[in-house]
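Q: Can we go through the helix packing in this one? Some single residues after that.

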Amino acid sequence: MIRKANKEDIHRIIELLHQVNMVHHKLRPDLFKPYTTKYSAQELESILVDDNTPVFVYDDGGVQGYAFCQITEHKGDQLLQDIKTLYIDDICVDEKARGKHVGKALYEYVSDYAQSIGCNNITLNVWEGNDPALHFYRNMGMQVQKTTMEVILK
């Protein structure tokens with residue numbers, strides 16, 4: 001079952017955040033520190049009560065995955081069309097639950113949620129080299145919107 005995350009889920013979400021961080025650290029140790037998380041328990045408490053940052057969890061008697069989302073809306077912008085976007089900040093499926101369609105269920109739930117609140121699109125970022133994530137999102141029907149490039153200076 002997928003539901004909105006609550007305060008009781010924070011400890012488990014932090015465990016999953018560690019897994020995501022280590023994926024990123026292995027890809028880009030020049031950017032990501034090992035053995036840490038993107039958010040603290042206190043930050044998560046604030047995120048979980050903000051309607052603009054919904055977090056959904058896949059719970060089958062224990063949290064097996066999550067989806068962090070951010071809702072943004074442009075209205076009356078000089079350049080951009082009026083648009084409401086759901087940005088997927090992070091999706092994580094526990095290492096032990098991979099291959100059981102948890103990620104697909106979370107993504108489809110988020111997609112339905114985005115449609116229900118009037119979003120025009122869903123966006124997210126994937127780190128270069130994270131081929132399983134890239135493959136997954138393409139299978140979900142996503143396509144490249146823009147590309148961020150870099151040069152590492154020594």
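Q: Which residues in α1 meet which in α2?
A: I10, I13, I14 and L17 of α1 meet A41, L44, E45 and L48 of α2, where contact means heavy atoms within 4.5 Å. Helices (H or I, at least four residues) and strands (E, at least two) are DSSP runs, numbered from the N terminus.

Q: How many nonpolar, polar and charged residues in the contact of α1 with α2?
A: Seven nonpolar, no polar and one charged. Ala, Val, Leu, Ile, Met, Phe, Trp, Tyr, Cys and Pro count as nonpolar, Asp, Glu, Lys and Arg as charged, and the others, Gly among them, as polar.

Q: What are the ground rules for the model and numbering?
A: This is a predicted model, in which local features need pLDDT of at least 70 and side-chain atom pairs count only at pLDDT 80 or more, while totals for chains, interfaces and linings use all residues. Residues are numbered from 1 along each chain as its sequence is written, and side-chain values use heavy atoms, with hydrogens and water left out.

Q: At what angle do the axes of α1 and α2 cross?
A: Roughly 110 degrees, and the axes of α1 (residues 10-27) and α2 (residues 41-48) come within 10 Å. The axes are lines fitted to C-alpha atoms, for helices over the stretch in contact, with angles from 0 to 180 degrees between N-to-C directions. α1 and α2 are therefore roughly perpendicular to each other (65 to 115 degrees).

Q: Which residues of α2 are buried?
A: L44, I47 and L48, buried meaning under 20% relative accessible area, exposed over 50% and partly exposed in between (1.4 Å probe, protein chains only). They cover an arc of only 90 degrees around the axis, which puts them on the same side of α2; the arc is that of the directions from the helix axis to the C-beta atoms.

Q: And what covers the buried residues of α2?
A: The cover includes α1, β2 (55-59) and β3 (63-74).

Q: Back to I10: buried or exposed?
A: I10 is buried, at a relative accessible area of 7%. Not counting residues up to four places away in sequence, I10 touches A41, L44, E45 and L48.

Q: Different topic. Where is W127?
A: In the loop between β5 (121-124) and α4 (131-139). W127 counts as partly exposed, at 34% relative accessibility.

Q: What does W127 touch, leaving out residues up to four places away in sequence?
A: H24, L27, R28, L31 and F32.

Terms used: Parallel < 35°, antiparallel > 145°, perpendicular 65-115°, else oblique.
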